[in-house]
Amino acid sequence: MAFSSIEIFLLLLLLITPLDISLAKKRCVIQTRYEVHVINKLPANTAQLELHCASKNDDLGYHYPAINEDFNWEFCEFIITLYFCHFWWGSKDKSFDVYDDPSYCVKNGKNPNLLKCCKWEVRDDGFYLEQYDASTSTYYMERLEQW
């Protein structure tokens, strides 16, 4: 039985469509791609860090990063994008926005985010966001939240 060119085209279209859909989720067509990193920099031999991050449409689940482990995710920035995380460490708990501003990562950031990557470190005295100092062309960590 011979297939017509239309049938072959439709068969190929059916085979390729799922591939295109999966690739589309990984690419940002018009928007900018951003990354958020949360790195456990707590002291060794202390309580396990637990975190839960989400946006309005994307629940990233509960995670338990080991010391120096990096929990991260990527997303395409839309007009209003907000990601928040809730952290637990021993008797302490804290929740705050880890991304709500495409220029500064968060509205209380001090320097523009040139790399489109928001890098947070969880330390025993608080939460530090990587900042860029244009006058010295260096990156540094600044505490923006306390436990």
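Q: What is the relative accessible area of Cys 117, and what class does that value give?
A: A residue counts as partly exposed when its relative accessible area falls between the buried limit of 20% and the exposed limit of 50%. In this predicted model, Cys 117 has a relative accessible area of 23%, so this residue is partly exposed.

Q: Which class does the next cysteine, Cys 118, fall into, and what is its relative accessibility?
A: Cys 118 has a relative accessibility of 0% and therefore counts as buried. Cys 105 also belongs to the buried class, because its relative accessible area is 2%.

Q: How many disulfides does the model hold, and what is their pairing in sequence order?
A: A disulfide is read from the distance between two cysteine sulfur atoms, which must lie within 2.5 Å. The count by this rule is 3 disulfides. When the bonded cysteines of the chain are numbered in sequence order, they pair as 1-3, 2-4, 5-6. Cys 117 takes part in no disulfide. The cysteine sulfur nearest to that of Cys 117 belongs to Cys 118 and is 6.8 Å away.

Q: What are the distance and the handedness for Cys 28 and Cys 76?
A: The sulfur atoms of Cys 28 and Cys 76 are 2.1 Å apart, and the two residues form a disulfide. The torsion about the S-S bond is -95 degrees, and the link is left-handed. Cys 28 is placed in the loop between helix 1 (5–26) and strand 1 (33–40), while Cys 76 is in strand 4 (residues 70–76), so their bond ties together parts 48 residues apart in sequence. Cys 28 and Cys 76 are both buried.

Q: Why is the disulfide of Cys 53 and Cys 85 given a handedness, and what is it?
A: The handedness is read from the torsion about the S-S bond: for Cys 53 and Cys 85 this is about 110 degrees, so the disulfide is right-handed. Strand 2 (residues 49–54) holds Cys 53 and strand 5 (residues 83–89) holds Cys 85, so the pair ties together parts that are 32 residues apart in sequence. The S to S distance of this disulfide is 1.9 Å, and both Cys 53 and Cys 85 are buried.

Q: Where do the partners Cys 105 and Cys 118 lie?
A: These two cysteines form a disulfide with their sulfur atoms 2.1 Å apart, and their link is left-handed, with -100 degrees about the S-S bond. Cys 105 lies in the loop between strand 6 (92–99) and strand 7 (117–123), and Cys 118 lies in strand 7, so the bond ties together parts 13 residues apart in sequence.

Q: How many aromatic pairs are counted, and what is the geometry of Phe 71 with Trp 73?
A: Two rings pair when their centres lie within 6.5 Å, and the angle between the planes then sets the label. The count is 14 aromatic pairs. One of them is Phe 71 with Trp 73, a tilted pair at 5.4 Å centre to centre with 45 degrees between the planes. Phe 87 and Phe 96 form a stacked pair, at 5.5 Å centre to centre and 20 degrees between the planes. Phe 71 and Trp 73 are buried, and both Phe 87 and Phe 96 are buried as well.

Q: Which residues form an aromatic cluster with Phe 71 and Trp 73?
A: The cluster consists of Tyr 34, Phe 71, Trp 73, Phe 75, Tyr 83 and Tyr 99.

Q: Where does the charged end of Arg 123 sit?
A: The charged end of Arg 123 sits over the ring of Tyr 128, at 4.0 Å from the ring centre.

Key
Residues are numbered from 1 along each chain as its sequence is written. This is a predicted model: local features need pLDDT of at least 70, side-chain atom pairs count only at pLDDT 80 or more; totals for chains, interfaces and linings use all residues. Side-chain values use heavy atoms; hydrogens and water are left out. Rings of Phe, Tyr and Trp (its six-membered ring) pair if their centres lie within 6.5 Å; planes under 30 degrees apart count as stacked, over 60 as edge-to-face and the rest as tilted. Buried means under 20% relative accessible area, exposed over 50%, partly exposed in between (1.4 Å probe, protein chains only). A charge sits over a ring if NZ of Lys or CZ of Arg is within 6 Å of the ring centre and within 35 degrees of the ring normal. Helices (H or I, at least four residues) and strands (E, at least two) are DSSP runs, numbered from the N terminus.
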